[in-house]
Amino acid sequence: CILADLLNTNLSLLDSSGAMVSIDPTMPHNTERYKKPCIPLISTLALSSDKEELFQNVLTQVAEQFSRAFKINELKTEVTNRLAMLEKRVELEGMKVVEIEKCRNDIKKLRQEMASRNNSNFLEDNKKLTPRRDVPSYPKYHLSKETVEALRLPTFDAWQWEPNEMLSCLEHMYHDLGLVKDFSINPITLKRWLLCIHDNYKNNPFHNFRHCFCVTQMMYSMICLCNLQEKFTQVDVLILMTAAVCHDLDHPGFNNTYQINARTELSVRYNDISPLENHHCAVAFQILSQPDCNIFSNFDPEAFKQIRQGTITLILATDMARHGEILDSFKQKVDSFDYADEEHATCLKMVLIKCCDISNEVRPMEVAEPWVDCLLEEYFMQSDREKAEGLPVAPFMDREKVTKPTAQIGFIKFVLIPMFETVMKLFPQIEEAMVQPLRESRDRYEELKQIDDAMNEVGGFLEVCGCIDFVLGADCDQ
């Protein structure tokens, strides 16, 4: 170290007078006094340039070795730290993989459950709320005089009409009743609203847009037949028509009993209280909340509140679980009915929409019977699912127990005829047009049931004969 310091230091040799003395190999020796201490120093300082360079190289290599050793230690520390970090990351990533796999399994299970219950009411179908077509997007059909007259009758055959034609018929009803003019409804808004209504009915066997049209057309025919515009305000008529149009919006094809037993999202959301009807109302006012589809946009807030409440009341009344309650209430009022009494008027409107909702058997047999097939198909779809999911099955929905006559006889005798006969007390004119067709339908299905029973007896007899023939090994005639 001393040599290194000396080699890096400038040295000067001075004489006794202070003058600088040149140091080189040819200079004379020191005096005896200074000879011993100075010779090693002078000899060291006088090393040849080759030896000095060699020595410098050795020192440089030593320094590099020391530096490399220190760097290796630093590198080891860094590698150790990085390894620790990587191990921690591997551990964390491993935990994430486990969680991700668990989430995937949960999502898969949820998707399977949703698929099995066909309960895609909100997430997927909310996309439908806006009409998917530009307006005008269905042609304005020129309805013939015969069609206009037929629309006013309960015998109207909806099976002959395509969706766009039914939309034009609905549009005509709103114009014909004076609702568009009296409430300044924008005709283009009416078109958009009807399109949006159409797009938010599912393609179920029974609860579909054609059913919506039939119920609304029956309401229109009752308004005309019973002269309801003379009894009710135009706001009441608007509520009756609009509730009929919206009464089954986004129906999933499985009734309230299934919703409650299967604990679907709808039943949980509405606490098992008329879950479907509440959903129909919600979808209806989601559509009306869009400015382009709001046929009530010209109403002030108080008037809109009245229409909204009236529409909700009527749609909720279509829950058949409330049938006895609503009909009993109407029976108590009908003998002393007062149109000026708001409670009386509301009760009548509830019964009217109930009549229209289940009025298919009022129509001619060739129009009504296909609806029975559609309803049974939807019932069988539900009962099959209920069996698969271990849920209770109603006998009238079980394909192994119900027939067309058994499905209709009790419904006509104990639900339809009593309700329409009660309404007939206020409107005698419906007896010929509505009540008498119901009685004829009841009689026809009772005859069909007798034929079925006779055929079953014959089948049972032949089956018994077959058993006897098998046991005795002889013909039945013997």
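Q: Why is aspartate 248 called buried?
A: Aspartate 248 has 5% relative accessibility, so it counts as buried. Buried means under 20% relative accessible area, exposed over 50%, and partly exposed in between, with a 1.4 Å probe and protein chains only. This is a predicted model, where local features need pLDDT of at least 70, side-chain atom pairs count only at pLDDT 80 or more, and totals for chains, interfaces and linings use all residues. Residues are numbered from 1 along each chain as its sequence is written, and side-chain values use heavy atoms, with hydrogens and water left out.

Q: What marks Asp248 in the UniProt record?
A: An unreviewed UniProt entry places the feature "binding site" at Asp248. UniProt positions follow the numbering used here, feature names are shortened, and annotations may be inferred rather than shown by experiment.

Q: Where does aspartate 248 sit, between which helices?
A: Aspartate 248 is in the loop between helix H10 (234–246) and helix H11 (256–261). Helices (H or I, at least four residues) and strands (E, at least two) are DSSP runs, numbered from the N terminus.

Q: Which residues does aspartate 248 touch, leaving out those up to four places away in sequence?
A: Aspartate 248 touches Tyr201, His207, His211, His280 and Asp357. Contact means heavy atoms within 4.5 Å.

Q: What makes asparagine 204 buried?
A: The value for asparagine 204 is 12% relative accessibility, so asparagine 204 counts as buried. Asparagine 204 lies in the loop between H7 and H8.

Q: Which residues does asparagine 204 touch, not counting those up to four places away in sequence?
A: Asparagine 204 touches His251, Pro252, Gly253 and Glu378.

Q: How many salt bridges does the rule give?
A: The count comes to 18 salt bridges. A salt bridge is a side-chain nitrogen of Lys or Arg within 4 Å of a carboxyl oxygen of Asp or Glu.

Q: What makes aspartate 250 and lysine 202 a salt bridge?
A: Their closest N and O atoms are 3.6 Å apart. The cut-off is 4 Å, so the pair qualifies. Aspartate 250 lies in the loop between H10 and H11, and lysine 202 in the loop between helix H7 (187–199) and H8, so the pair ties together parts 48 residues apart in sequence. Both aspartate 250 and lysine 202 are buried.

Q: How do you know that arginine 152 and aspartate 176 form a salt bridge?
A: The closest N and O atoms of arginine 152 and aspartate 176 are 2.9 Å apart. That is within 4 Å, so the pair counts. Arginine 152 is in the loop between helix H4 (145–151) and helix H5 (163–176), while aspartate 176 is in helix H5, 24 residues apart.

Q: Why are arginine 152 and aspartate 176 called partly exposed?
A: Arginine 152 has a relative accessible area of 34%. Aspartate 176 has 32%. Both values fall between 20% and 50%, so both residues are partly exposed.

Q: Is arginine 439 buried or exposed, and why?
A: Arginine 439 has a relative accessible area of 19%, so it is buried. Its salt-bridge partner is glutamate 431, at 3.4 Å from N to O. Glutamate 431 is partly exposed, with a relative accessible area of 34%. Elsewhere, salt bridges that share partners join Glu369, Asp373, Lys404 and Arg444 into one network.

Q: Which residues touch the most other members of the largest nonpolar core?
A: Trp193 and Phe420 do, in a core of 104 residues. Helix H8 (residues 209–225) gives the largest share, 11 residues. A nonpolar core is a set of buried Ala, Val, Leu, Ile, Met, Phe, Trp, Tyr and Cys residues joined through side-chain atoms within 4.5 Å.
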